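Subject: Structure handover

Hello,

Here is the structure you will be working with. Please open it beside this email and follow along.

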Amino acid sequence: MNISQLETLLTISKTLSFRKAGELLNLTQPAVSAQIKSLEDEFRVTLVDRNHPVTLTDRGKVFLEHAERMLTIVEELKQKLSDLEQIPQGHIVLGTTTSIAIQILPRVLSYFQNQFPLIKTSIQSMSSSQVMVSVENGSVDIGIGYLNEKHPQIETSVLYYDTFELVVSPKHPLAKFQHVTIDMLKDVPLILLSPDTQGRRFADRVFLQHQLQPNIAMELGSSEEVKRMAELNLGAAIVSKLSISNEVRNGTLKMIPVTELEVTHPVGVITKAGRYKNSAMRQFLNDLKGMPEDQFIGSE
């Protein structure tokens, strides 16, 4: 058994085709078949059902689980050996919310990439709950999101605190108020984040605590969408304070304090407990945690 055979089986499981697997691995179809046949002969089992579409047998699926773990160990070994050069390098996959990706990360990444050009970063946008899950299953290296949820295999560190605020267009009837209560929103059409977001869950808890049935006009997946609809005066919105700094400054949205929403929410960095951190991850985490809070909220 060798690493190439394991990579071939993994590729077949994803493509469901010997031909496509060969194209991705730059191998001929007979070479792909020979590698799988060699594995099957060595372990005396049938790993692949060669009918169309190609699928893994039950034994093949069990084999694949172990193969994936072995390939992960090999990648960690390669990275550890690379780290011996003492030059921070590598690739980091960041998972975060849309508003954080737009408001916070440009300043952080601009500084970081200037200092460490050998470290490459890519960003995946998702809800804070999805960030937690993605860090835990390893599809994201480092997450940045709201820390209200707890996972047993996750380590977190607070970077700054955010709040969720009521905002309206200057033309909205509520714009004349300097302060409102949650009860005043009873019949007001609301533009809210989707139910899987931290902001929406918080808003729903507040509504439930005050036995208020909100008049939900729209549910949108990101703060950017929510803000645009509020600017068009299609309803009042509840969004992250950090995400509306530019709009409030430019006068396209007005923030109205609501006593019941005055709760701070920690935002921080999220990593998987016990996971090996390559030099790129260690450098990024050290720089991120060392930044003062005003580095994140200074845009206000």
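This is a predicted model: local features need pLDDT of at least 70, side-chain atom pairs count only at pLDDT 80 or more; totals for chains, interfaces and linings use all residues.

Residues are numbered from 1 along each chain as its sequence is written, and side-chain values use heavy atoms, with hydrogens and water left out.

**Strand β12**

Start with β12, residues 265-272. Helices (H or I, at least four residues) and strands (E, at least two) are DSSP runs, numbered from the N terminus. In β12, 7 of the 8 residues are buried, so the strand is largely enclosed by the rest of the structure. Buried means under 20% relative accessible area, with a 1.4 Å probe and protein chains only.

β12 pairs with β6 (residues 154-162) in the antiparallel sense, over 8 bridges. Two strands pair if DSSP finds at least two bridges between them. Ser 157 stands opposite Val 269 of β12. Strand β5 (residues 142-146) also runs antiparallel to β12, joined by 4 bridges. There, Gly 145 has Gly 268 as its bridge partner.

**Ser 223**

Ser 223 lies in helix α9, residues 223-231. Its relative accessibility is 7%, so Ser 223 counts as buried. Leaving aside neighbours within four places in sequence, Ser 223 is in contact (heavy atoms within 4.5 Å) with Ser 99, Leu 193 and Ser 243.

**The pockets**

A pocket is an open set of points on a 1 Å grid over the protein atoms alone, where a 1.4 Å probe fits, with protein on both sides within 12 Å along at least five of seven lines. Lining residues have an atom within 4 Å of a point. A volume is the space filled by probe spheres set on the points, which are joined across faces, edges and corners.

The largest pocket has a volume of about 590 Å³. It is lined by 17 residues, and those nearest its centre are Thr 72, Glu 76, Gly 138, Asp 141 and Arg 275. Helix α4 (58-83) and strand β3 (90-96) each give two or more residues to this lining. The largest share, 4 residues, comes from α4.

The second largest pocket holds about 250 Å³ of space. It has 20 lining residues; Thr 97, Met 126, Ser 127, Thr 197 and Gly 221 lie nearest its centre. The elements giving two or more residues to this lining are α5 (98-103), α7 (128-137) and α8 (198-209).

Best wishes

How values were computed: Buried means under 20% relative accessible area, exposed over 50%, partly exposed in between (1.4 Å probe, protein chains only).
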